[in-house]
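Visitor: I am new to reading protein structures. Could you walk me through one, step by step?

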Amino acid sequence: MRHILSVTVSNQPAVLARISGLFSRRNFNILSLNVGETDKPEFSRMTIVVEGNDDTIEQVKKQLYKLIDVIKITDLNQTNMVERDMALIKVNCNKNQRSQVIQVVDVFRGKIVDFSIETVTVEVTGDENKITAFIEILKDFGIKEIVRTGIIALDRELSVS
């Protein structure tokens with residue numbers, strides 16, 4: 001089962017290396033990892049997506065808490081959180097395909113961020129399924145390059161019932 005861990009850490013050099021090294025040494029696979037400064041500059045928040053059963057995730061959390069840089073770990077409840085992924089996708093797009101690509105981008109509420117004679121670069125944000133579906137549709141036009149940010153997520157303040 002996929003788990004999304006929100007980990008608050010000290011905003012110090014080499015913290016990312018220590019955490020990724022811990023995952024590597026323990027043979028825990030990271031599916032996605034994002035790091036960014038929080039509203040307090042002395043802290044950063046890591047969003048780590050890992051796969052495993054409850055025992056594995058408990059072990060991951062125990063190991064992380066052993067690191068002095070780790071302040072707080074939250075295993076986000078996937079029914080009560082907001083998650084986003086972002087992708088930049090460069091697609092082959094000649095003059096004849098342009099209107100079709102623009103329609104697809106509009107349907108997925110994407111945004112064209114760069115144009116050339118033969119390509120269009122598109123930005124799209126959403127959950128993983130939306131991004132994956134968008135990429136699948138764009139494959140018909142010929143994808144030249146893709147870069148994805150990976151998951152970022154926060155708990156919702158109000159519960160969804």
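This is a predicted model: local features need pLDDT of at least 70, side-chain atom pairs count only at pLDDT 80 or more; totals for chains, interfaces and linings use all residues.

Guide: Gladly! Strands here are runs of at least two residues that DSSP labels E, numbered from the N terminus.

Visitor: How do strands come together in a sheet?

Guide: Strands of a sheet pair through backbone hydrogen bonds, and the pairing is either parallel or antiparallel. In this model, four strands form an open sheet in the order S2-S3-S1-S4, and their pairing is antiparallel.

Visitor: Which strands stand at the edges?

Guide: Those are S2 (30-37) and S4 (70-76). Each has a single partner strand, so one of its sides has no neighbour in the sheet. From one strand to the next, the twist averages 15°.

Visitor: How many bridges link S1 and S3?

Guide: Nine bridges join S1 (residues 2-10) to S3 (residues 43-51), in the antiparallel sense. Within this pair, Arg2 sits opposite Glu51 of S3.

Visitor: Which helices pack on the sheet?

Guide: Helix H1 (residues 15-25) touches S1, S2, S3 and S4, and its direction makes about 20° with that of S3. Helix H2 (residues 54-65) packs there too, touching S1, S3 and S4, with its direction at about 165° to that of S4.

Visitor: Back to Arg2: which side chain does it join through a polar contact?

Guide: The side chain of Glu128, through a polar contact of 2.3 Å. Leaving aside residues up to four places away in sequence, Arg2 also touches several others, including Leu31, Val49, Gln78 and Ile151.

Conventions
Residues are numbered from 1 along each chain as its sequence is written. Side-chain values use heavy atoms; hydrogens and water are left out. Two strands pair if DSSP finds at least two bridges between them. Axes are lines fitted to C-alpha atoms, for helices over the stretch in contact, and angles run from 0 to 180 degrees between N-to-C directions. Contact means heavy atoms within 4.5 Å. A polar contact is a pair of N or O atoms within 3.5 Å; within protein, one must be able to donate a hydrogen and the other to accept it, and residues adjacent in sequence count only if both atoms are side-chain atoms.
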